[in-house]
Amino acid sequence: MLVFTYVPNEFGLGLIVPLLKSDDCDSTVADNYRAITISPCISKAFESCLISIFSPWLESDILQFGFKKGRGCRDAIYTVKGVVNHINSNGSTAVVCALDLTKAFDKMNHYGLYIKLMDRNIPKCFLDVLLTWYSKCFAYVRWGTTISKTFQLLCGVRQGGVLSPCLFALFIDSVIQKLRASGYGSWIGKFYFGCILYADDILLVSHSIHVMQLMLDICSKEADNLDFSFNTRKSVVMRIGPRFRHICAPLTLCNAELQYADKTKYLGVELLAARSFKCSFERAKIKFYRCFNAMMCKAQNSGNELVCVHLFKSMCLPIILYAVEAVQPNKSTIHMFNALVDRAVFRIFGCATAEDIKYIRSVVNLPCIDDVLCRRRSVL
């Protein structure tokens, strides 16, 4: 396929299955669905070969944390926390802006991607394969038992493709590069941390409102160049520091005013506007109870407590332990997490005293949350 720069027609065919984004969404609203595309497995194997061969040309900026080996959401969250704390340590109030791209993966301009690849002097055989492949991208939708007609996809990366995250990260890299070249945003020494990305989740960090507006202007201009758009209704501004309650001048993105928020969700954690970097775990608590009750309804009839413990460890415990080593919760939050685990043990085993719960936790290997945090921090 590399020699003849050709891929089979079936490589470009995908089956789209619409799924609700969450159980609380209105099923009658089209925007509440996420399209999941099923592609041929052999095409993914070929993409893995392409990444292995052409990886030197597909590397993205160090501030892009998405879809990289050994890096993940916790690293991005930990970086944001460090930058905000650095700004606060100098007596300034950090301005944090979370930008939302409108269907970024699905609307990526193919020709813009080809130009980006040519700027990196990528081998011609790779570019020719990609041109052939993306010219024969077709899909059809399955809704229940009904199948739609096949239609052509003229933009966007192949959903579910192994190569797609690398291509998108490469495509949007210029946002970081333009902001770094401008000098606007947060710096720690000679290192730039003003723009932190995880795939299409963009977080801008600055020490002043004026600088943040200049950064937003650069993002607006780059959006026009790359032919993508920001969802200004979901993009918000938040201030963290000693003057976080002060009323500030409005900020605009693509000629639309952004809303100042008291909290915003970023990579699964809820950041709060406060005097210092803080996160809210109320949603995690609600989600934990919901998951645990659903699990017990299915598993309690099995008559085997160890099965329930195994399901609890794999399904419920990760909800409250997600990225805790990065956000470093305070003592009251850790106490709440331990109380949630104690209640789960009480529900599973029906034990009566605190000593019994402590003994059972040691037997089934459910350690104290403090110990879990210490182990995770040591490898962060």
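Let's start with β9 and strand β10 (residues 201-206), which pair in the antiparallel sense over four bridges; strands here are DSSP runs of E with at least two residues, helices are runs of H or I with at least four residues, and both are numbered from the N terminus. Two strands count as paired if DSSP finds at least two bridges between them. One of the bridges joins I196 to L203 in β10. Keep in mind that this is a predicted model, where local features need pLDDT of at least 70, side-chain atom pairs count only at pLDDT 80 or more, and totals for chains, interfaces and linings use all residues. Residues are numbered from 1 along each chain as its sequence is written, and side-chain values use heavy atoms, with hydrogens and water left out.

Now zoom out. The β9/β10 pair belongs to an open, mixed sheet of five strands, in the order β9-β10-β3-β11-β14. Its edge strands, β9 (195-198) and β14 (259-260), each pair on one side only. Helix α5 (residues 164-182) packs on this sheet and touches β9 and β10, its direction making about 165° with that of β9. Contact here means heavy atoms within 4.5 Å, while angles run from 0 to 180 degrees between N-to-C directions, with axes fitted to C-alpha atoms (for helices, over the stretch in contact).

On to the other sheet: three strands, open and antiparallel, ordered β15-β16-β17. β15 (263-266) and β17 (278-280) each have a single partner strand, so one side of each is left without a neighbour in the sheet. Strand β16 (residues 269-272) pairs with β17 over three antiparallel bridges, and L272 has K278 of β17 as its bridge partner.
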